[in-house]
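Student: Could we go through this structure together? I'd like to ask things as they come up.

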Amino acid sequence: MRITRFFPLLAALALTAVSCNVEEPLFSTLQKGFTASIEAQSGLSRTSLSGTSVLWSEGDTILVCKVSSLGDAVKIGINPADAGKPSGWFYDPACEEYYNSECYALYPASMAGEPSGSSLTVELPAEQKYSELSFDTNANPAVAFGKGDGKLAFKNLCGLISVAVKTNEAISEVKITSSAEEALWGKGTVDMTDASKPVLVMDKNITEAQKSLVLKVHQDGQDGQILTVGGAASADGGSIAGDDVKVQEFYFVVPVGTLGQGFTVTATTVTGKYMQKYAIAKSANAIERSICTVMPDFEFVDESEVVIRTDVPNKAFYKDVFADAGASLSKYKTMPVVDYLGLSYEYFYTESYSDSQIAADIDTQAGVFIGNENDQNGVLLWPDGEPRFRMLYENGGYSGTHGRGLWAQGRDNIRKFFYNGGSYVGSCAGAFFASRGIIDNGYTTTSAYLGLWPGYVNNTSIYDIYPDYIIPDDSPLLKYYDFGGNKRVEGVMHWNGPYFAEYDMVPGTEVLCINDYPAYRYHMKPSVIAYKPSIWSGRVIPSGGHPEQVKDGERRDLMAAYVKYAFDGVGIAKAKGILHNGEVRRMTKSTSDDDPAYTKIGDKQCHHFVFALPEGARNICVRLESLEKFNLSLRMAEGTFAFKEDAQYKVENTELVKELKFDKLPKGTWYIGVQCEDAPDCKLADYGGGKYSGYIYSGNIAVLNGAPYTISVTWN
C-alpha cells in the first residue's frame, strides 16, 4: 500500500481523519467480493501537505473472519487492477460465504497474530522501514466490520509520531525508547465493541526491548553502497547532498496511549555518530488513534563519545517530605515517622473538612500547590518542574472533594512532581486519590483523582476495624524491617480505605501487604501496593489502612518502611544537556517559558551537565557564573553525576564566578554539578485567623522562582 497527498497546507495541521471516496469495483456485481478503503492518518506532513489518501498496492492482502467463528479466517488478495486506487476490490471464489456474513477484517494479513478467545490479535513489528514523507504502511494495522453487504471501511488501530532531525548527516536508523513500562511492538488484542473506534490493547507482560522501536532509514547494500529504504535521499560519504541544513522527518507507527510519559530519541548515522535527546510528551500528548503527534525539531549534535548513566537516583532535594492535610483531609500536623527517621518535613493544614467549608479555603490551598507571584511553581516543584521534595504524603479524608479543591492545575502539579521523580505515599483517601477510579458496578474513572497508579481500587465501605497485615515473602518492605520475624503487623486501623483486588491489571504493580480479616470480603486481598512506571518517575505507595499516626512498634515500622521504599524509588538523575567546547549555556528561563533544559535553578537544587573530553585536551576550564546574587556551588566528577558526596573536584565559596582549571584530564565523559546553596527562611506558623497552618517562607524568597546562571567548558 502507498500514500498519495492532496490539499494545500492549512494554517494548523488537521487533526481529523480524511475520508476516502469508494470507487465502483471492476468486477461484475454478480460476483461476491469486498470493496475496501482505509482511513487516512491525519496531520502527516509538517512541511507542505496536510492530508493523505491511502491507495491500495498490488499484493495487498486482508484477513477476514466471521463474527460467529473468529478462529475460522481466510486471506484474500486485492484485484491487481485496483492498485493505485483509494478503493480496492478483494475477491476469491473459494471465500464467497464470507461476503454476505457479518465479519471482521484485518489489514495487512501479515500482521495477524494467533486467535485469542473471541478477539482479533495483531503483531506489531519491532522494526519499521522509512518511507520519504510517509510511514511504513506494512506496520500500520487497520480493522473493519462487515455487515454482510460486502463493504469494508478499515479504521486504523494505531497513531503516528513525527520526529524531525536537523542535519545533513545520512541517518541509518532512528530509535524511540519509551520512559514508561509499555510495549511499542509485539502482541496486541483488538476490542471491536465500537467498530467506528476500535481499540488495540497491547500485552502488559513485556520485555525491556519492547520499550524501543527502530526505524530503518539507510542501510549498506551488497556492494557497500548506502541504500535508502523508501525515499529518494542520496548519501555521499555519510552526508546528504546540499548546502542548506535539512530537516529530515521520520514517522513511527505507535500504539495508542503510549509515550505520554516521554521518550528518548536516538539517531544513528551511517558513519556511527549518534544523537540522544529526551522528548517530554505530557500525558495530554499521548499517541491518539489515526492522528500524527508532531514533536519539536531536534538539532543533531554528535554525542558518540558521551555516555550518560541511567542508574543513579537523584540525591538532591530541598527537603524529604511534604504532607498534605489540606481541604477535606484528616487534620494532622505531624507524623511520628518524621522524628523516628530524622527527616526534614513541611506540611499544609487547613481546618476545613466538609464540602460546605472548603469553598473559602480553595484560594489559599491553590497558592500552596499551584503557586503565586512569589513562587510561580507551587510548593512541590522547582522552576523546571523537577520535584522539590523527595516524597509527598497524602492524608486520609475525602479524596474526591480534596482533588476537586486542588483544581486541575494543582492535580497536574502533583502528577508532574511524580512523573519527574518524586515519590508519593497515601493512606486511605490518599490511596483512592492516587488511583484512576473505583470499581463499583463497573469501572468508574474519577476526574478528581490523579491516576499515578493507573488502576481501579475496590471500596470496602466499612469503618473502625483493625485487620492484621501479612507481609508476603517477596514484599520489598522486608528489606527494611522483619516485623517481629513472623512477617505480620497486627491491628492496622482501617476507616473505609480501599483494597486492590485487581492489582494485576496494572503490570509492574507490587503487593506490599495483604489483609487478614476473615470477617470481611477483602480477607487475603492486597491492602498496600506499590508502582513505579519508569526510571524517570517516583514510586507511588497507596495504603488502604492508617499506620501513619502510630508512635511505636511494628505499625510505626510499617509506615517507616513505606517511606524508605518510596525514597528508594525516586527518579534517576538527569543531565540538562551536553556542553561543547567554547559554548556558553544560559540557564535563564522561567517556569512560564516551559523549557526545563534552560530554566533557572531552584533552592537547594542540583543541575547536571556532561561533556566528552577528547584525547590530548589541555588547559581545561569549567566556568560557572551566577547572574544574580545567589550562591551556587560548582562540582565535577568523572563517569558519574557530580552530587556533593560524589564530586572529585569542587568550588563552594560565595563568589559569583567560579572556575575549575586543569592542565589535563583523562579522556572520557565528565559530569558537572551546579547546586544552589540558597533557600528562603522557613518558619512554622498559624495564619488566616488560625484556619491554616504550615511553613511560611520569608527572606530570600526570590530564589523560589529560580537563580539564573551560565555554565561553560573550554579546552585547547
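This is a predicted model: local features need pLDDT of at least 70, side-chain atom pairs count only at pLDDT 80 or more; totals for chains, interfaces and linings use all residues.

Student: Are F34 and Y99 buried or exposed?

Tutor: Both F34 and Y99 are buried. Another pair to look at is W56 with F90, where the ring centres are 5.1 Å apart and the planes stand at 80 degrees, so this pair is edge-to-face. W56 sits in the loop between β3 and β4 while F90 belongs to strand β6, so that the pair links distant parts of the chain, 34 residues apart.

Student: Why does W56 count as buried?

Tutor: The cut-off for buried is under 20% relative accessible area, and W56 counts as buried because its relative accessibility is 1%. F90 counts as buried as well, because its relative accessibility is 0%.

Student: Which charged residues sit over rings?

Tutor: Two examples can be given here: the charged end of R390 sits over the ring of F567, at 5.4 Å from its centre, and R585 lies over the face of Y598, at 4.0 Å from the ring centre.

Student: Switching topic, what can you tell me about the largest nonpolar core?

Tutor: The largest nonpolar core has 35 residues, and those with the most contacts inside it are L477, I541, L558 and Y562. Several elements give two or more residues to this core, including β26, α2, β27 and α8, and the largest share, 9 residues, comes from α8. As a general background, nonpolar side chains tend to be buried together in soluble globular proteins.

Student: What does L477 touch?

Tutor: If residues up to four places away in sequence are not counted, L477 touches F483, L512, C513, L558, A561, Y562 and Y565. Apart from this core lies another one, of 34 residues, among them W382, L392, F417 and Y697.

Student: You mentioned α4, so how many of its residues are buried?

Tutor: In α4, 6 of the 8 residues are buried, so this helix is largely enclosed by the rest of the structure. The buried ones are I362, Q365, A366, G367, V368 and F369, and α4 is followed by G371, whose phi is positive, near 120 degrees.

Student: Where's a strand that is largely enclosed, and why?

Tutor: Look at strand β21, residues 247-255, where 8 of the 9 residues are buried, so the strand is largely enclosed by the rest of the structure. Strand β12 and β21 pair in the antiparallel sense over 9 bridges, and in β21 the bridge partner of V165 is Q248.

Student: Which residues have a positive phi although they are not glycine?

Tutor: Most residues other than glycine have a negative phi, and most peptide bonds are trans. S461, however, has a positive phi of about 55 degrees; S461 is found in the loop between β32 and β33 and counts as exposed because its relative accessibility is 52%. N619 also has a positive phi of about 55 degrees, lies in the loop between β41 and β42, and is partly exposed, with a relative accessible area of 46%.

Student: And which peptide bond is cis?

Tutor: The peptide bond from Y107 to P108 is cis, with omega near -10 degrees, and P108 lies in the loop between β7 and β8.

Conventions: Residues are numbered from 1 along each chain as its sequence is written. Side-chain values use heavy atoms; hydrogens and water are left out. Buried means under 20% relative accessible area, exposed over 50%, partly exposed in between (1.4 Å probe, protein chains only). Helices (H or I, at least four residues) and strands (E, at least two) are DSSP runs, numbered from the N terminus. Two strands pair if DSSP finds at least two bridges between them. Rings of Phe, Tyr and Trp (its six-membered ring) pair if their centres lie within 6.5 Å; planes under 30 degrees apart count as stacked, over 60 as edge-to-face and the rest as tilted. A charge sits over a ring if NZ of Lys or CZ of Arg is within 6 Å of the ring centre and within 35 degrees of the ring normal. A nonpolar core is a set of buried Ala, Val, Leu, Ile, Met, Phe, Trp, Tyr and Cys residues joined through side-chain atoms within 4.5 Å. Contact means heavy atoms within 4.5 Å.
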